[in-house]
Amino acid sequence: MNDRDIYHQHDCDLCGGGDVAEIEIARVYTNGEPVHVCKTCGFVFARMRRSAERIAEIWSEEIYGKTYEYGKTYTARMPAVKARQTYVADFADVHIGLKDKRLLDIGGGEGQFLDIARQPPYGAQVYTVEPSPRNCQAMAEMGIGSFCGTVEAFRASPQSKTRRFDVVTIMWTLVNCRDPREMLDAAWDALEDGGHVVLAESSRILVPFRKPLQYYFAPRSQDLHAFHFSANALQGFLATSGFEIAAVNRFIDTDYLVVVGRKVGKSQTIPWQKDDWRTVVDFFDRWHVETRDHYRDA
């Protein structure tokens, strides 16, 4: 095995607990790879992961790096992706305002969101941290500045020590990294005091089933989508990373889960609600049954 593909075992990224249970039904959909739930806080995650650099490389070169073919490859130019990015921009603008704000997007991809955020009616001043050289070059041609590298490399760079932002957005990226805590620490460091982070994900565990389970668990290495967020878990990550909750969307009405946090002191204790791990396991068991009973293509 190549050293880049060596997996390491992780405890719960949210509470640090090592007492976990396997969500056994997940193996039906993951080519046999395990997914676990923390017995302390109910967070769902893939315990076995490769390095942050390897995960970023696969996303940048093997997933995003392919020539676009409609219906077969992913791009931010897809209408569905543009729709969710516009939703996040609008939600953030309503709750914290984006006009003339210095905005850092962690994992800028092809720059679609940044282009939306800098245009009227939002009018943000945009910048990104993005690991793909191809994407950074494309954004440079759009007039969008970037740090080309992982968020870990950005935190270690001299630039991160001198440049500050009013808003940091992390959209459908926290789920794809190796260490969500380090990504949120990078956001905290990059923000001015009182600045805001905007998290957007789609997991929404413990809400009604909206699709068959095989469309939720991709049949590839689970460290590429290592984390599965409930609203409680996403707010828990913010609360334990130095952010008080400023806004949460009505995720029951939409495919999106969006939480806005305001930077406060890291020593401040912010309460958050844990999930019961037994309820989480039961949720996935029932989702499996619903998938078999009600989706004809399952």
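Tutor: I23 sits in the loop that links β2 (20-22) to β3 (36-38). Strands here are DSSP runs of E with at least two residues, helices are runs of H or I with at least four, and both are numbered from the N terminus. This is a predicted model, where local features need pLDDT of at least 70 and side-chain atom pairs count only at pLDDT 80 or more, while totals for chains, interfaces and linings use all residues. Residues are numbered from 1 along each chain as its sequence is written, and side-chain values use heavy atoms, with hydrogens and water left out.

Student: Why is I23 called buried?
Tutor: Its relative accessible area is 1%. Buried means under 20%, exposed over 50% and partly exposed in between, with a 1.4 Å probe and protein chains only. I23 is therefore buried.

Student: Which residues is I23 in contact with, beyond its neighbours within four places in sequence?
Tutor: They are V35, H36, V37, V44, V280, V281 and F284; contact means heavy atoms within 4.5 Å. I23 and F284 are 261 residues apart along the chain, yet 7.5 Å separates their C-alpha atoms.

Student: What makes β8 and β12 edge strands?
Tutor: The open, mixed sheet has seven strands in the order β8-β7-β6-β9-β10-β13-β12. Two strands pair if DSSP finds at least two bridges between them. β8 (145-148) and β12 (243-248) each pair on one side only, and these are the edge strands.

Student: How do you know that β10 and β13 pair?
Tutor: Strands β10 (residues 191-201) and β13 (residues 257-263) share six bridges, in the antiparallel sense. The cut-off is at least two bridges, so they count as paired. V198 faces V260 of β13.
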